[in-house]
Structure formats: C-alpha cells, structure tokens
Amino acid sequence: MVVYKVTVSTAYFSGATTINNVFIKLVGTDGESEPQQLLGFKGAATFLSGAVSSFTVSCPLSIGKLVLIELDKQSFLLFLEDSWLPAKVEVKSPEGDVYNFPVYRWITDGAVQRFREGTALRVFEDNHHLGRYSRQQELKQREEDYRWDVYAEGIPHCIKTDSPLSLPCEVRFSFTKTTEFLFTVSAGLTELQLKGLAGSKENWTNIDDMKRVFCCKRTDLSEYVQEHWKEDAFFGYQFLNGINPMMIRRCEALPSNFPVTDDMVFLQGQCRLAAEMKKGNIFLCDYKLFDGVKPNVINGKKQYLMAPLVLLHKTPDDKLMPIAIQLKQKPADDNPIFLPTDSQYDWLLAKIFVRSADFSDHQLNVHLLRTHLLAEVFAVSLLRHVPMVHPLYKLLIPHTRYTLQINFLARLLLISEKGFFTEFAASGGEGMITILKRSLSSVSYSSLCIPDDIAERGLQAVPNFYYRDDGLRLWDIIHRFVQGILGYYYKNDSEVQQDSELQSWIGDIFEHGFLSQADTGIPQRFTAVEQLVKFVTMVIFTCSAQHSAVNSGQYDYSGWMPNTPISLQLPPPTTKGTASEATMLQTLPDVGTTVRAMSTVWLLSKQSSDFIHLGCYPSDHFSEEIPCKVIKDFQGELEVLSGAIKVRNKSLEVPYTYMDPTEVENSVAI
Ligand code: FE2
C-alpha cells in the first residue's frame, strides 16, 4: 500500500464553504485511486472558507506521474446541496514529488469535475489520453456555458445571458462586490444627498446654485476642475491628461473643412500656422464621428450634439491653448469659427459644446467600446477556446475578473431602452448605436497599442503628457512580463502556429470582436511568438491600464457638470456677439439631468473594496519556477513605476494618478 498526502484549500471567499461530503480520485500515468471521501478531523469546518485541510489517500501501488484529480461532493441526510469553491489541491506522492492542482472553480452540484495538474500544457504536448479527454470535455462544456450574442448589429458581440444569475458562478461578482454595487441612480443620489433634485426639470438660474449642489461630494480634482474649467489652458490640458486622451493628434495640414487663417489666430502676426504646423506645435481634435448623428430627445425636448473641430497651439511655455473652434463639420456663414478673442460667452459656449461632444466620444467610443466591449470579447473567446491548463488561460484569466457581469449591467442600466445614457445623454437613443458602429470602424489594431497609437497621432514630443509617459512605461513592463511568460512556453514560431487553441482564440476575437474586418489590422491567426506577445500585451493593457485611464477620473472631470455636460438643450450660436450668461445656463442640462449624471459618474468611478490591482494574482494558476519568478519581477517593476509616478506627482499642480499601478485594476470590473 502507498500513501498520497492530499491538502485541500478552500477559497477565502463569501459562500465558499461546503458541509457536503467531498470525494477525490487521483489519476496518474500508471493508474488511478479509488474515489475516496475526504474525512478531516475538523469535522464541519474541514471545507470552511479559507480552511486548509490535509488527508491521506491510499492506493495498492504507485499510480505514476499525476495527470489530474477528480473532485465531487454529495449532500447527505437532510442537508441540502451547497456550493463549494475550492482554491487548490496539493498532492505529495509516495516518491516525494509535489503536484499542484489549481481549481478556483465553483462546484455546485454532485457532478464529477476534473482538474489538471498545474504545469501548463499546450494542446500539442498534452500526451496522456485522459488529459486530452478532460481538455476536450472542459472546452465542450465551456462552449455551452459561454455563448455569443448580438446586442446590436455592427458592434462587438457579447455574452448571451438573461441576468447576472444565469452567468456561470466563476465569472459572477463576489458577494462583497454585489452588495457594494447597488447600481441604481437612486443609490448614487442618496450618497450624494441629491435625491430631492432628481425629478426637477428646471433650468439652472445661476452658477452658485450648481456650486451648492456640487459641494456634497468632491474630490481634490473635481474641486480643481470647478475652479479652472473656464480656462483655456485647462481646456487644452484635458485633451492630454483628462479622461479622454485619445482624441488629440498632431496637425500637419488643416482639414479642408476647417478654414482657419493666420489672421484669425495670430493677430499680431507673431507666428504663422504653416510654420507652427511644421514645427509640430499645432494639434487637432476632430469629432467628425458625430456628423449627422441624430441627437436625443429628453423630456420631449430636442437636444444638441455637435461634431466640432478644435485647433490647439503649443505655446513656448509648453501650454496647449485652443486657438479656434468650429462646431459643425461643414463650413458656413451660420457655422462661425469661434476664437479666444470673441466675447466671453461666445468662446465659453463653443468650448462647452466641445466638452459635451467629448463626453459622448469618451463614454461610447473610448470607454464603453474600446475597453469594456473589447475586454468582454477577449474574455468570452478565452473561456470558449482555452482550457485551464493552457498557459494563456493562466496568464489572462485574472484580467477578465467581473468583466462579463459589469458589461451585462452596463447594457441593462446604461444603454438599454430605459438605460441612463439612453434617457439623459445627447448621444443616447437612436444615435447611440450609430456612434458605436462608427466607432468600431475607427478602431484599428495600432490604435489599441499605445506605442503605435502615440506615434500615429504624432504625440511623441508633446510636453506634460502623463497619459503617454505612464502608459508607455506600463506597456513596456506588461510586454516584458508577457514575453517572460509566453517566451518560456513558446520557443519558436512553429509552436505558436500549431497551437490550435491559440488560433481558435484569435479567430473568435477577429470574428466576434472586430466583425471580420481585415482592415482593422487585427490578426486573424498567430504566426510568430513576437506577434502573440504583442497581442496579449495589448489585451492586458486594454483591460487594466487603458480602462483605468479612461474610467477612474469620471467624477473628477465630469462631476462639475459645466466642464462635461451630458447633453445640451439649445443649439450653438450661429452668429457671434449674442450669447450671454443666461444663454449658457439655458443651454446646460436641467437640474434633474445634472444631478443624475453626477450620481452616475460617481458610481462609475468608485473603487470597490475587493479591487485587485495590476499584477496582483491571489490565485496561483502557475506553479512552475520560471513563470512564478517572471510574476515576481513584474510586480517589482510595477512597484518601482508606482514609486516614480508618486514622486513625479508631488511636483504637479494636477497629479496624474490614473495609471499608477496601485490604482489600476487588473480587469475591467467597473
Ligand atoms: Fe468602466
């Protein structure tokens, strides 16, 4: 008789405990054990949340190298079946070898579940017939559990589910997250003490009333925004380090529909546009995506969404100053080019229309589409095609946490027929899907990879561009990490080419995420290790750093409504010299819309208490020495970067914190 020592860890997670009987079977290359009940001296506490319990399993002879374990649990007497979340199982063989079996999956019924030994295995090296069988069975089940659905034609596909409860347990929110995430506008309104104002359809009559409402909840930055929102330098700054750093690009030639002249912008003849463009000092933000989009109707009132063009000049003292704004794409007499030299309210209103268009571009294109919806595609396709024992699953699964559920809730509560954006944003309603479709056709692979994106937009030399500085450093760190992990498993390109699971993963992403559009530049299959490493780097960067950059500052920048109005109630001036403070107040959203928008962005930027920051991996999916060391190195590099960002921020008037690794969540979870 030989004895195997088995140690079972139950996850430290609300509801992870089981009091059912647990059985294990060990399967090795030379045989298998009988299914054996795991009876611990701790009694009912044996499989308590967080418990680590040891047992022995006897076999007549050694069963060789362990391939997998089978776990199941059975209810007994009158006890009902419960759900159990084992974290991992460790088995020490009579030969003294230690085998790790990562589990991290809920066992909810009496069915037998198989879990592979932790050493990562690609499909073409999975030689044991039982290993191969369990691999196929796992994927078969997953293809049933995770099905594609089409929310609207022309946008990335999503997970098919009717409610969070019909999602498989392992991708659902924790109890803590569910409790905290009472995603209703009313929860936010209560927290912001604004409940009484939510139904008001009154217009604001003065800025001081807005300040009184806003003082209920402030962040350091939202307070700064309230003080500086009218300033040109701050307006320019936000294109670099606000929540939408994706719109600005270097301007080398004026678009033909934006006839700005030297006389308009350089009154004293101090510069010439052509020369400044040549030097790389002129920048353009062009919201052409919104041209012709039908704006929303709110409370029976038509709303206004412009498709502006903004020209910016980098001054010798390194400020980015707006120098011309045209609010509609087609030049015309009733579509004036607004200038900083115009009357105070003409110029301010022009900037307000730009900020409002930026709200819609940010929320629908930059935030929802380019982070949330793509992250969901990466996750669903991973779950459908890549088994737990695959190195890519081990690498990416922590970066998919909560994404499927948060996106289901975003569709339900924000963009559905009764969703918040549909009801209150200028871009809500009919126009929203048009914008999302157009946005998807503007997404290219290079625009998702920050080094290529910055180069393509010509922004390498712009001063004080912290999104770029921190983002490029993070990209490099993530790239080294992915290279370390995948480079360990894939020694040459032919190993990548013959990995059918990898190929199915990217094939599904191409089809369901990018709707088989080859001109996006998204790979349709992987042919080289370096290509795979870059793509996986992009996936982790998008789900973590990029999402944080465009998500975490929502209240900071949009909490003070005039800086980022969700909608506008009057059209922009068609002639100069008529706008006043009263025009501005009538144009801004009414009181009820303002406070609802405030509460929504408050909820969307709130950090959950079970937030897991970038590079923190509470589940041990990898057990081999080299990948474990690569993870440690990754964590070390992130710590150094975080320290450097904190030091840099001390000297900044407006600290840029959104890409500090300690503030970046591993996945799209909010
Ligand atoms: Fe988000």
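**Note on a predicted structure**

1. Glutamate 665 and arginine 401 form a salt bridge in this predicted model, with their closest N and O atoms 3.8 Å apart. The two residues belong to distant parts of the chain, 264 residues apart: glutamate 665 is in the segment after H23, and arginine 401 is in the loop between helix H10 (391-396) and H11. Glutamate 665 has a relative accessible area of 10% and is buried.

2. The iron ion has five named protein donors to consider: His367 (NE2), His372 (NE2), His547 (NE2), Asn551 (OD1) and Ile670 (O), at 2.2 to 2.4 Å from the ion. Along the chain, these donors follow the spacing H-x4-H-x174-H-x3-N-x118-I. Histidine 367 lies in helix H9 (residues 344-385), whereas isoleucine 670 lies in the segment after helix H23 (625-650), so this pair ties together parts that are 303 residues apart in sequence. Histidine 367 and isoleucine 670 are both buried.

3. Further salt bridges deserve attention; the structure holds 36. Lysine 314 pairs with aspartate 318 in one of them, the closest N and O atoms being 3.3 Å apart. Lysine 314 counts as buried at 18% relative accessibility, whereas aspartate 318 is partly exposed at 34%. Another salt bridge joins aspartate 317 to lysine 319, with 3.6 Å between the closest N and O atoms. Here aspartate 317 counts as exposed, at 51% relative accessibility, and lysine 319 as partly exposed, at 39%.

4. Strand S1 (residues 2-10) has two antiparallel partners to note. With strand S5 (residues 52-59), S1 pairs over eight bridges, and lysine 5 stands opposite threonine 56 in S5. With strand S7 (residues 86-92), S1 is joined by six bridges, also in the antiparallel sense; serine 9 stands opposite lysine 88 in S7.

5. In helix H13 (residues 430-442), the buried residues are Gly431, Met432, Ile435, Leu436, Ser439 and Leu440. These buried residues pack against H9, helix H11 (403-415), helix H12 (420-424) and helix H18 (500-513). Helix H9 also holds histidine 367, one of the donors of the iron ion.

6. Zero disulfides are found in a search of the whole structure. Cysteine 543 is in no disulfide, and the nearest cysteine sulfur, that of cysteine 449, is 13 Å away. Cysteine 543 counts as buried at 2% relative accessibility, whereas cysteine 169 is partly exposed, with a relative accessible area of 24%.

Note on methods. Residues numbered from 1 in each chain as written. Predicted model: local features only at pLDDT ≥ 70, side-chain atom pairs only at ≥ 80, totals over all residues. Heavy atoms only, no water. Disulfide = S-S within 2.5 Å. Buried < 20%, exposed > 50% of the residue type's maximum accessible area, 1.4 Å probe, protein only. Donors = N, O, S within 2.8 Å, 3.2 Å for Na, K, Ca; no water. Helix = DSSP H or I, 4+ residues; strand = E, 2+ residues; numbered from the N terminus. Pairing = 2+ DSSP bridges. Contact = heavy atoms within 4.5 Å. Salt bridge = Lys/Arg side-chain N within 4 Å of Asp/Glu carboxyl O.
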